[in-house]
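Dear colleague,

Please find below the sequence and structure that I am handing over to you. My notes on what was found follow directly after.

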Amino acid sequence: MLQNKLDDVILFADDDDDLDIEPDEVDPSNAWHVLVVDDDAEIHSVTQLALSGLETLGKPLYFGHAYSGKESIEYMQNHHDVAVILMDVVMEHENAGLDAVKHIRDELGQTNTRIILRTGQPGYAPEETVVQQYDINDYKTKTELTRSKLVTTLISAIRSFDQITQIEKSKAQLANIVASCVQLQQQDPQKFTQETINALNDLLEIQAQGLICVRPINKENARPFVIGGTADYQECNGQLIEQLDNGRIIMQLSQCLNHQQHQLHSADLALFVKSKKFHAAIYLDEGIDSSRFNEQLTNVLLSNVGVSLENVQLFQELKNMAFRDSLTGLSNRTDFIRMLDKYVQDPSMGDTVVLVDLTHFADINDGLGQETGNHLLRAVAERLKEKYGNNSRLARVSADVFGIIGHKILVNPEHIVELFDYPLKVEDQRIPVHFSMGFCDRDPNDKSGLRILKHADIALNQAKKDRQQCYSYFSDTMEQKTAWRLGMAHQLREDFQHNKLQVWFQPQLDLNTHSVIGFEALLRWPRIEGGMIEPEVFVPLAEHSGLMIDIGNWVVEESCRQLKQLEDKGFNKIRIAINVSMAQFRNPKFVPTIIDTVHKFAVKPQSIELEITESVLMNNPSAVIDALTLLKAEGIQVSLDDFGTGFSSLNYLHQLPLDRMKIDRAFVRDILSKNGEVIVETVLALGKKLGLHTIAEGVEEIVQERKLLDMGCEEVQGFLYAKPLAPDQVQNFVAEHQNAQHH
């Protein structure tokens with residue numbers, strides 16, 4: 001019963017089964033030496049436990065252990081009788097296993113040892129060329145290894161090792177066989193066939209052509225078919241053997257497979273190959289004298305052919321996975337770039353490339369569920385196939401972006417818009433599709449697929465910003481602007497890291513007494529040549545480059561530092577207002593960081609005011625309201641900036657924990673006009689009804705001040721009173737202002 005349990009268990013998945021087996025004592029001099037290489041000690045224990053008591057070819061197993069790629073190399077330097085290495089891929093770094101294999105093969109020259117790669121991370125599957133280069137004999141993911149599969153794989157590897165070792169000792173032809181086996185591994189079916197028949201010709205000393213057919217052994221009613229043939233038999237590729245136009249070949253292959261035996265004749269040969277997943281027969285159109293047929297050597301070669309044959313199928317599947325999007329069946333980004341590389345050289349593929357980005361796809365995923373989102377992506381792919389499947393190249397380039405390569409007469413904005421003019425049927429509902437498109441027409445200066453993809457992506461980003469139309473064509477001007485933005489973003493990061501950014505402070509006054517009641521913290525970026533770069537330029541750069549969180553935290557610290565200095569001078573009734581961006585609200589550490597900073601500088605929470613704009617509120621109202629409610633509970637004040645400019649915040653106004661409402665400078669500028677006066681009066685009345693303080697920004701003229709005073713506004717800021725002050729000017733301004741009031 002225990003043995004059955006072991007056979008069924010997946011060795012390297014999480015398993016609560018407690019298989020308590022003590023491994024037998026083994027004499028290493030009379031055992032197959034197996035080296036387990038893995039950085040997880042439990043893997044060593046489970047492997048040895050699963051293989052405990054196993055014997056093959058009359059000998060038990062003896063286990064060596066290494067816990068890193070480096071240790072495996074050191075172990076192999078001191079042990080020259082290792083039959084099989086069970087090698088983890090990802091250890092001290094992601095290519096540790098492959099690097100160790102390369103060293104063992106190239107530097108230590110240990111080519112007989114069989115190496116089986118194992119990994120718990122399928123995404124780290126080695127490329128086909130890497131596996132061939134490093135002479136890796138098998139590759140398995142840990143989650144697919146049951147004990148029985150591990151035993152089968154190991155026995156196959158040990159037999160291969162034993163056979164190669166025996167041949168090396170006794171046969172001069174070993175070098176040719178080993179060279180042939182290396183050539184066989186990890187080829188596509190056609191190359192595999194050619195190399196196999198070349199190897200057999202060398203071994204049997206004949207000059208035959210031929211073909212290989214396989215029959216899966218784990219599928220009911222599976223019929224043998226040809227996977228490849230040499231020059232004279234290439235037209236047979238893919239045919240069932242009964243479809244072949246040669247009765248002699250059909251008979252030889254059928255008897256070989258049915259009897260599972262070699263068919264040797266003076267006119268031709270059919271050699272039987274057995275692997276774990278296939279039975280195969282190799283037909284050679286030249287015969288051999290049975291007295292010259294070295295069955296032992298031939299079977300050694302055919303054993304390697306069997307292992308390689310399975311890997312041909314495995315790596316064909318891995319190649320498909322590497323270049324195919326599993327959800328939609330389209331090419332993926334990697335394959336799209338390969339196609340673009342061909343497009344550069346081949347005008348027949350078309351003259352335009354487009355990226356189609358589904359708008360608000362994340363909202364569909366969030367609102368209707370990921371499964372519905374997946375169904376929608378499949379529906380989009382199917383509709384694209386209907387239109388472009390036979391005349392263009394298609395790919396799913398990223399989560400919600402599709403790529404098309406084709407001719408402008410078909411691949412153009414009008415046709416794509418028309419294609420999605422009616423909703424897609426997704427399960428039991430119809431979902432309309434909205435999208436943006438970035439086009440890049442053929443340009444002789446584009447020398448690589450990546451460059452074309454970059455240009456299409458630049459055009460796509462431009463299309464997303466365009467409210468007039470949903471598409472844009474790439475132009476050199478776009479790239480120049482993109483390069484400028486990237487350069488500015490890089491310079492911003494550099495200047496921030498070298499403490500070149502500054503926080504200035506614009507005074508806020510009580511409108512009735514003209515006493516200083518606070519400051520608004522304003523971020524400034526000095527130009528190298530003098531002056532300041534406008535916030536409208538660098539704030540979006542900071543947000544898109546991911547710097548806004550770090551810069552925002554720094555502005556809070558600088559504001560608290562300034563506030564602490566004012567309090568130490570006895571100016572205790574002054575607050576500092578700090579603008580907060582949406583990027584900061586998205587940061588899960590935003591609230592605790594603000595609170596920790598206030599505590600760190602030991603300033604009164606009531607002296608800190610966070611300003612949010614209407615656009616920030618509307619980006620994610622619930623998240624903003626929740627965060628501000630927590631901060632309000634700590635005593636920190638909250639103000640709503642630019643109220644009324646977005647015409648959308650009334651629904652949420654009563655939910656916000658507000659202390660103050662700021663009247664936008666645009667309304668103050670127009671306060672002397674009839675409409676401007678009505679708007680300001682309305683905002684002031686609303687603030688009063690809600691019990692909020694009101695402050696007007698952008699006050700530049702006495703007549704504006706008087707009008708605001710008559711309307712009942714409480715606080716003001718603007719050039720009429722002071723421009724933003726450098727940090728070292730703040731204390732003097734407050735002191736001078738208070739002295740002037742006293743006199």
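What is the mean pLDDT of the protein, and what percentage of its residues reach 70 or more? The mean pLDDT (the predictor's confidence in each residue, from 0 to 100) is 84, and 88% of the residues reach 70 or more. This is a predicted model, in which local features need pLDDT of at least 70 and side-chain atom pairs count only at pLDDT 80 or more, whereas totals for chains, interfaces and linings use all residues. Residues are numbered from 1 along each chain as its sequence is written, and side-chain values use heavy atoms, with hydrogens and water left out.

Confidence and overall make-up

The pLDDT is below 50 over residues 1-6, a stretch with 9 contacts beyond near neighbours in sequence; a contact means heavy atoms within 4.5 Å. Residues 13-23 also have pLDDT below 50, and this stretch has 15 contacts beyond near neighbours in sequence.

The protein contains 27 helices and 27 strands. These are DSSP runs numbered from the N terminus, with helices (H or I) of at least four residues and strands (E) of at least two. Of the 743 residues, 50% count as buried; buried means under 20% relative accessible area, exposed over 50%, and partly exposed in between, with a 1.4 Å probe and protein chains only. Of the contacts with a separation of 6 or more, 66% are between residues 24 or more positions apart.

Pockets

A pocket is found on a 1 Å grid over the protein atoms alone, as an open set of points where a 1.4 Å probe fits, with protein on both sides within 12 Å along at least five of seven lines; its lining residues have an atom within 4 Å of a point. The volume is the space filled by probe spheres set on the points, which are joined across faces, edges and corners.

The largest pocket has a volume of about 1,400 Å³. Its lining is made up of 44 residues, and P535, E536, V539, N579 and T613 lie nearest the centre. Helix α17 (residues 535-544) supplies the largest share of this lining, 7 residues. By class, the lining of the largest pocket has 19 nonpolar, 12 polar and 13 charged residues. Here Ala, Val, Leu, Ile, Met, Phe, Trp, Tyr, Cys and Pro count as nonpolar, Asp, Glu, Lys and Arg as charged, and the others, Gly among them, as polar.

The second largest pocket has a volume of about 750 Å³. It is lined by 29 residues, with S156, R159, K274, S275 and S303 nearest its centre. Two or more lining residues come from each of β5 (114-119), α6 (147-170), β10 (269-274) and α10 (295-323), and α10 gives the most, with 9 residues. This lining divides into 7 nonpolar, 15 polar and 7 charged residues.

Individual residues

S72 belongs to helix α3 (residues 69-78) and counts as buried because its relative accessibility is 0%. Its side chain reaches the backbone oxygen of G69 at 2.6 Å. Not counting residues up to four places away in sequence, S72 touches L35, V37, A66, M87, A100 and I104.

E609, in strand β23 (residues 608-613), is likewise buried, at 1% relative accessibility. The side chains of E609 and S639 make a polar contact at 3.4 Å, that is, a pair of N or O atoms within 3.5 Å; within protein, one must be able to donate a hydrogen and the other to accept it, and residues adjacent in sequence count only if both atoms are side-chain atoms. Beyond neighbours within four places in sequence, the contacts of E609 include R575, I578, Q637 and R660.

L566 lies in helix α18 (residues 548-568) and is buried, with a relative accessible area of 0%. The C-alpha atoms of L566 and V730 are 8.4 Å apart, although the two residues are 164 residues apart along the chain. L566 is also in contact with V730, as well as with F519, F571, I574, Q731 and V734, leaving aside neighbours within four places in sequence.

Finally, H360 is not a glycine, yet has a positive phi of about 60°. H360 sits in the loop between β12 (352-358) and α12 (361-368) and is exposed, with a relative accessible area of 57%.

Yours sincerely
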